[in-house]
Each structure stands twice: as C-alpha cells, then as structure tokens.
Amino acid sequence: MEYNEKFFEQLVHSARSGIWVIDEHCRTTYVNPSMAEMLGYTVEQMLNKHLFEFLDENGIERAKINLARRREGQEEQRESVFIHKEGFAVYTNLVTWPVFDEQGQYRGAIAGVMDDSSRRGMLDELAEAKERLQVFDKVTVDGILIHQGGHIIELNDACCRIFEGSRKEIMTHDFTAMLLPEYKTLVIQAMHYDTVEKFEVKARSLTGKLLILELSSKRMHYRGDLVRVSVLRDVTQYKQTQTALEQIELTNQALIENAPEAIVLLDRKSLQILHANSKAGSLFGISVHRLLGHSLESFIIKHDGKLAGAGRTFDNLVQQALSCLAPLAEIKIQHQSGTAIDCELRLVSIQWQGASLLRVSLLDIRSRKRAQDKMKQLSSALEQSADLVMITDKNGIIEYVNHALLSVTGYQLEEVIGQTPALFKSKQHNSAFMKKLWKQILAGHSFRDVFVNQNKDGSVFYEEKTITPLKNEEGEITHFVSTGKDITERMEFQANLHHLAFHDSLTNLPNRALFNDRLKSSLQTAKRYRQKIALLFFDIDHFKRINDSLGHEVGDLLLKQVSKKLQQRLRGSDTVARLGGDEFAVILNNVKDDESIRQTASEIIELINQPIKLAERELFITTSIGIAVYPADGDDSLTLLKNADVAMYRAKAQGRNAFMFYQQEMNAHAFELLTLESELHRALQQQEFCLQYQPKICLRTGKMTGVEALLRWQHPEKGMIAPDKFVPLLEESGLILPVGQWVIEQALKDYRFWQSHGLFNLNLAINLSPAQLKDLKFIETLQSALAKYKLPMQCVELEITEHTMMIHGENSFLLMEQLRQLGTHFSIDDFGTGYSSLAYLKKLPVETIKIDRSFIRDIGVEVEDEIIVKTVIAMAKSLGYQVVAEGVENLKQVDFLRALDCDVAQGFLFSRPLSALDILQYQVQPETLPH
Ligand SMILES: Nc1nc2c(ncn2[C@@H]2O[C@H](COP(=O)(O)O[C@H]3[C@@H](O)[C@H](n4cnc5c(=O)[nH]c(N)nc54)O[C@@H]3COP(=O)(O)O)[C@@H](O)[C@H]2O)c(=O)[nH]1
C-alpha cells in the first residue's frame, strides 16, 4: 500500500473523529465530513468560516488564549465546547497542534476533534440531580438512595439521619443487609420491577434502632449502567403512635364497658344513642342493643319540660357540652319497671373512632342521696347541739364547724372553713401534747383531753374534747371529728378551788400545803443541782397582845399589810407563805452564802419594824426569825421546818426582834420545852399543881394582914418546880387560863378552910397573868368561884405586874374598874422594874404598890436603891397608895422601911411560902419586928 497524499486525504476524510484545519487568520481551510456532521453542517458550509463562528462567548475567550499558545508552537489536548448549527453545545475532546511554514511562520492549526457530548450530558444530569437533591434535602425528610442491588452509589442527608450514620459509614454497608431478614428477600424480589410503589419494610439503623420505612423505587440508567433510585420514608414514629392510639381506643372501649357508671354515646345532632355499656342497660332496665337508636331524653323524667331535679332543659346541658364544658346535673330517669332513679348526669363532647359524639355518664346516686338526707338530719342535729363540733379532712383542713363552736369562739363560718384547728391554738400545749394527739388519732384511736384554746378575741377557753378518726370502707382515715364541751366555767371554778385550797384566804399568800409542796420541790432542785436553800420561819412578836387588845379585825389587817410588804420585798423565785396565825415562812432558793441569808433576814426585820398605820393608830411591831439551811440543818422539809421553828424560839428567848441560825444544841433545849409543855397539860389533869402562901406582915401592928398565893408544881420525878420555870410556858401555851382558874378555885377553897378554922380578915393576893386580864370570862370565873365558897369579893386582891400594867393596863381598864366596883383590890407587883410613872398608874384602879425585891435587897448596900425606895414610898404615900415591900430578908431592911412608914412587908424574914395548913399555924416571930 502506498502512503501518498491521496491515501492520507482519504483517511482523514473518512475518519470518525473530526479533523479541523484553520489558517493563521482562524479561517477554516479544511474540515472532514465527521467534523461537519458533528456540528450539523456540510463541509462546504464550514469552509472559509472563522473559527469563532462555531463558538459561544466563553469559547471565543478561551480560543483566543489557546490560539496564542499555538502561535508559540504549543500542542494541546483539552476539552472544548462548540455550538451546533441547532444552537446546542457540543462537548468535544480535542487534540490541537500548530502549523508553521519553512520560514517558521505560523500558518494555522490542525485539530482532531472527538464528540464528548454523551458523557458530559450524563455528568451534567448527575450534577443537576445532586443539586436538586440538596435542595430537596432541605425541605424533605425522605431518604433518597441510588443503589445497584445492595451497593449504595449515592444518598442524601435524610438517609444519614434515618440510618443514624455518616454518609461514609452508610456507603460501606449493603442496603439490603440493613433490612430485617424477613424483608430482605421481599425487597430483592421487588427490585426486579422497573417501578415499585411504596411498601412497608423494617430495617435497623447503624445504632440498632428498629426502623419502619416506606420504600418506593425506580430503575434508571446511570453511566450506561442500570441503577435504582429508591425513596425511603421513615414512618417508625407514626406507626408506633398509631399502635398506641389503637391501644388507647381498645382501652377506651374497655373503660366504657367496665366503668362504674352507665355510659351512653350520643350522636351530636340526633342525640340518639349510638353506644351504651351494659351498666346503661341495667340502669334503664333495657338490653343494650334495644337502647341503640333511642333518644336518651326519652328516658329522663321531666316537669314542665325541664329535667326533674335539675331545673334546666336537656338541650341546655347539650349546648354546654358542645361549648367544651362538662355540665353536671342531678336528674331522675325512668326505669323500665316505672321506678324513678336519682342519677348524676355528666355530659362531655368527645371524639370517638373519628366521630364527634356526646359522652353521657349516669351514676346511680340513690344511696348517696339517702346518705345526704341522713347527713342533713345529722348536721341539723349537730347544728342544734350545744357541743362544739368540728370536722376536718385527713390533713386537718376544717370542713365543718357547728353553730355552738362559732358562738363560743366568736369566729364567722368563712373565717374558719379551710383553716386548720391551729386557728384556736393558745400555745398552752407543748409539742409533746400535740405529738401524742397525732400519734393516737393517726393510729385510728380516739383522743380525749382538755384543750386550752383561744377565741378570736384572744381570751382562752377550756374545751373537753374528743377527736375521733373517721375511716372509709377500705379502712383509710378520711376525716377527723372533734366534739367538745366548753368547760371554761368549770375549770375556772376548779382553778379557784385549787387556789383556795393552796392559798391563805386572808393574805392570798401560799398556805401551809402549798408551802410544803414548794419546799419539797425546792429541795429536789437543790439536791439535783447541789444548791443551798434557806428556810426562814418567823412570827410577829406579841401578836397575841395586838389581837387581844385591838381586836381580831385589826390583827387581820396587820397580817395583810405584813404579807404585802413581804411579797413586794422577796424575789419571784422565793416563796413566802403564811403557815397559820401570825406564822410566816420564806424559802430562799439557790442562796449563795450565809451572808446573803443574813441580809434578807435583816431586811425582813427592818421591813416589819417599819410603823404600820392601822385603825387610826401607828403600830410598831417586831419579828423573830429562825433560819434553817439545807443541807446543813436537814435534808427534808419537816426537819428544816422544825429546826427553823426551834431557832425562832431561841431568837425570841434572846430578846426578840432578831434572827437566829439554827444550831444543833438548840434542839435539846426546844425538846426540853416541848416535853415540859406536854407535862404541864398532864400536871393540870393529874392535879400536880399546888399552892403555897407567903404571909404579908403589917409593919405597924406586926400582924399577918394577908397572904400571897404562889403556884407550885409537884413534879412526880423532878420534885417541886418553881413558877419561874413553867409560868412563862403556861402563858405561851395558853394553859395559863385553866391553870389560873384552878389557882383561884384552890386559893378560895383554902381561904374557906382558914375561915372554917377561925382565921378571918386575911387579904388573899392572887397573881394574875396578862391573858387572864384580857379574859372576858374572868369576872364570871372569879364570881362563880367566890359564890361556890360563899366568899365576898373584898377578900381577894389581884396582883398584876408593873410590866403587864404598862402594856395592857389601859385596855384592861374597864375590866379592872368593873372588878373594883365589885369590891376587888388591885396591887402592882414588881414595882420599879417597868419604869412606869406613878402619874400613869394613878389613872388605874390600883390601891397597892409592891416595891420589887431587887430594890429592897440593896437597902443598906446601894444608896441609890435606898433613895429610890425612899422616893417611891414617899410619892406612893402622897398619892394614897398602900405600900408593900417585897423580899424583906433582914431587920435592917425592916428598920429602913418602918422609918419610911412603909405599910406592909413580905419576905423570907417573916416566912417562906407555906402550905395552907401551915398558914393556920403561922405566928409572926417577935424578933422580926423589934420595938
Ligand atoms: N401568874 C401567876 N404567877 C405566879 C403564880 N404564883 C407565882 N407566880 C409568880 O411566879 C414568880 C415566882 O414566884 P415564886 O418562885 O413563888 O417566888 C415568890 C417568893 O417565893 C419570892 N420571895 C418572897 N420573899 C422572898 C425573899 O425574901 N427573898 C427571895 N429571894 N424571894 C422571895 O418572891 C416571889 C413572890 O414574888 P411576887 O409575886 O413578886 O410577890 C413571881 O413573880 C410570882 O408572881 C400564880 O399563881 N400565877
């Protein structure tokens, strides 16, 4: 074969690729038929045409650059786009090289052009599809998958979301492998069809989640291959919701059927019964299937077109239900048997199986009505009740209170309902009380106690209350019922009684019982905390005198004032009590030392010493305080009280108006006194007392003019006891009155005895105690004794000490005057010891003055005493008194007294006290009165 020009010409001409030759001016000098066909022209049509005529604007710009390179001699293979005669783009792949002449001048270029339109078209289509997919991704949740069998070629973002993985992760999976096994074959078979309309498959996401997908798929060509474009819609949520809804629907049906009330479903327009549960059948007395299609209204009893019992029309209820309300009404329905049944009707508009219906529930409330009627009766009974009634729910919220409770507390009903009983709390109950209450009632038991509650105005009232839990049929507590009685009056009365029982009515101070209680509890505290307490026991010195002289009323006023002063002075923690009479006691708790006790005792003394104005006179009183201290002086109340008492008596014995701490030795003395006192009682009963008589001698005549009766106690063991030892005790114990009476009786008896033995005209002197001088019955006692022995009043002379006269004389003036009127004489004993003035004595009905023996004793020894005796005798005589000298023991004294014209003498010189019998024998010894 000869490769000549023609051969190449034929080869180029017949080539399938296009051959395009242009000159240095870009004019087409040659194209082969393939090239011309590629662009839709004939060869002739293209010849001499400029290259740019087959390019668009972009192509021209690129060609200018490329042609420049050609001129520089560069060859090139590249893609190029020409414009087809019909106007569309022809994608080509071309190889181009430049042509130079022998001089090296650029003469044009030759290009071999291959049509690349089919490949570029597919790529463009895919790019466009991808772009569309991206746009679509933004607005759709559907997954789009391009796959070949199970091999995934392309997928969108939605696929990533559905399969819960990245694009890369999903691309490594086989699509059919992600399906559940039972769907895998189904899908593979479906892929044999060109188009598959949506069907449901189940798959697993990359995280293992079950997916329910709706799959649609279409076969398509892609790069010359057949591929499938599948659309996946995730319906998992929808399907699950649908299943749940179906479940709900089923449950609804079951609920309706098993509801405790009758339920009927009505068509909204016709109001005919579309559905009814079996309870509805029983309520109306008709089988359920016969109910269907009936109007519900036809079973409801009406009066004047309105529902009986509800006072409104059925239509009104329906309208409310359609307005999204759920009206409730009590109605009466007609049972098939003719019985009217009370029902509670509730209407609700509902959606049921896609339809809009009215749901009517009817509850048989006959038993509730009966209970309500009963409740009404009961509540009216409660309203009438005088008891305070309150009902709370299980949380203590007040649901009901009766009239009595409101009336006692002063609250209005609306102020109480919805509150808790704490509204009435007075804060007088501690938390232990409240705990006990709740524990008991929550355990299902009643709680009963007295509550101190508070009224609206803040005053307290006492309520004797029982709280009872109410339980339902299941045994659960639903309410608490409280019933109570207002016992305020009773409590106040009791409190008053209690106060009276433990307080002294005169002074309002704690009495002995309360004092003992307080002392005991003080001791307990002191023992527990190792504290010291002091017990001060005291009375008012000579209170009896005040009582006797000024009367009990004044005495009472005095005690009140003293009590008031004590209360004001003492600490709140200390107790001051009146133990009886004029006896007071003070408990000083937790005292620091004896000094502080001393200080308080001194203050009490000072307090009592302050003058008290009573009955228009000023009284000056004193007190004697005995102090016993715990633990030193006793560790029980009795011992402390006894020891304080002993200390008080010692304080008195030592001159009164003082305090004294208990000392052990005191007890021995006190015991002695106590024994003596009880022995004196016995002495009176056992007639252990006797009288001796001391003669009184006339200093002028030397004759016995009278005798002084002197008391003696013939003790069975101790022998004869002198009056100094026991008369003060007789006076203190009050025994002086019966003993004094005995003295009078015995003396008159002896006097009668003397008379009967021829001894007449004696003056019988009897010593009188202050108590006898105050004794209103004294005159009577004396008169009856005189009458008994038929003796005249004149034979008796009553001796009263100067001291007694000073204190009681004025107050006893009337008695003395009366006695003098009756014929008695009075003499003043122990004159000179009481510092009284004769001027004062002159006011009293006294005839005789007995100069105390302490002055007589010192005659011839103490000049001062002699002067006193002289003066007294002189003054007494000048005032007309008879003068008696006591305790005359020697002749010197007799001489002295006689020289002063003293009338009578008495003393051991003449005679010691003698028995009544010895008086009969008594003769004045002549040597005792020398002439
Ligand atoms: N209320 C009553 N008091 C009475 C009664 N009987 C006695 N008394 C009073 O007791 C006091 C003591 O009396 P007594 O121990 O009997 O002493 C009397 C004489 O024994 C004593 N006396 C008499 N002469 C002398 C003497 O020369 N020397 C001396 N040392 N003592 C003597 O004096 C007492 C009589 O004194 P007075 O009564 O003051 O005249 C005494 O105070 C009695 O008052 C009674 O029944 N009731």
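A polar contact is taken here as a pair of N or O atoms within 3.5 Å; within protein, one atom must be able to donate a hydrogen and the other to accept it, and residues adjacent in sequence count only if both atoms are side-chain atoms. The structure is a predicted model, in which local features need pLDDT of at least 70 and side-chain atom pairs count only at pLDDT 80 or more, while totals for chains, interfaces and linings use all residues. Residues are numbered from 1 along each chain as its sequence is written, and side-chain values use heavy atoms, with hydrogens and water left out.

A polar backbone atom of L711 is 2.9 Å from a nitrogen atom of the ligand. The side chain of R712 has an N or O atom 2.8 Å from an oxygen atom of the ligand. A nitrogen atom of the ligand also lies 3.3 Å from a polar side-chain atom of S769. On its own the ligand has 810 Å² of accessible area, of which the protein covers 85% (Shrake-Rupley method with a 1.4 Å probe; for residues, only the protein chains shown count as cover).

The shell around the ligand holds 22 residues, and those that come nearest are E708, R712, D829, R853 and E889 (a residue is near a molecule or strand if one of its heavy atoms lies within 4 Å of it). Two or more residues of this shell come from each of β31 (704–715), α24 (723–733) and β35 (825–831); helices (H or I, at least four residues) and strands (E, at least two) are DSSP runs numbered from the N terminus. The element that gives the most is β31, with four residues. By class, the shell has ten charged, seven nonpolar and five polar residues. Ala, Val, Leu, Ile, Met, Phe, Trp, Tyr, Cys and Pro count as nonpolar, Asp, Glu, Lys and Arg as charged, and the others, Gly among them, as polar.

Grid points are joined across faces, edges and corners, and a volume is the space filled by probe spheres set on the points. Two cavities of 30 Å³ or more are found.

The largest cavity has a volume of about 240 Å³. It is lined by 19 residues, of which L51, R78, F82, L94 and T96 are the closest to its centre. At least two lining residues each come from β1 (18–23), α4 (57–71), β3 (76–83), β4 (89–100) and β5 (106–115), and α4 supplies the largest share, six residues. This lining divides into twelve nonpolar, four polar and three charged residues.

Some of the strands that line the largest cavity also pair with one another (two strands pair if DSSP finds at least two bridges between them). β1 and β5 are antiparallel and share six bridges, with I19 opposite G112 in β5. β4 is joined to β5, also antiparallel, by nine bridges, and L94 stands opposite V113 in β5. The hairpin of β4 and β5 has five residues between the strands, and G104 in its turn has a positive phi of about 85°.

The second largest cavity has a volume of about 40 Å³. Its lining consists of L388, M390, L405, T409, F424, N453, F461, E463 and K465. Five of the lining residues are nonpolar, two polar and two charged.

Two backbone features lie in loops. The peptide bond from Y630 to P631 is cis, with omega near 10°, and P631 lies between β28 (623–630) and α22 (637–653). N48, a residue other than glycine, has a positive phi near 65° and lies in the loop between α3 (43–46) and α4.

How values were computed. 1 Å grid on protein atoms, 1.4 Å probe; cavity = no way out; pocket = protein on both sides within 12 Å on 5 of 7 lines; lining within 4 Å.
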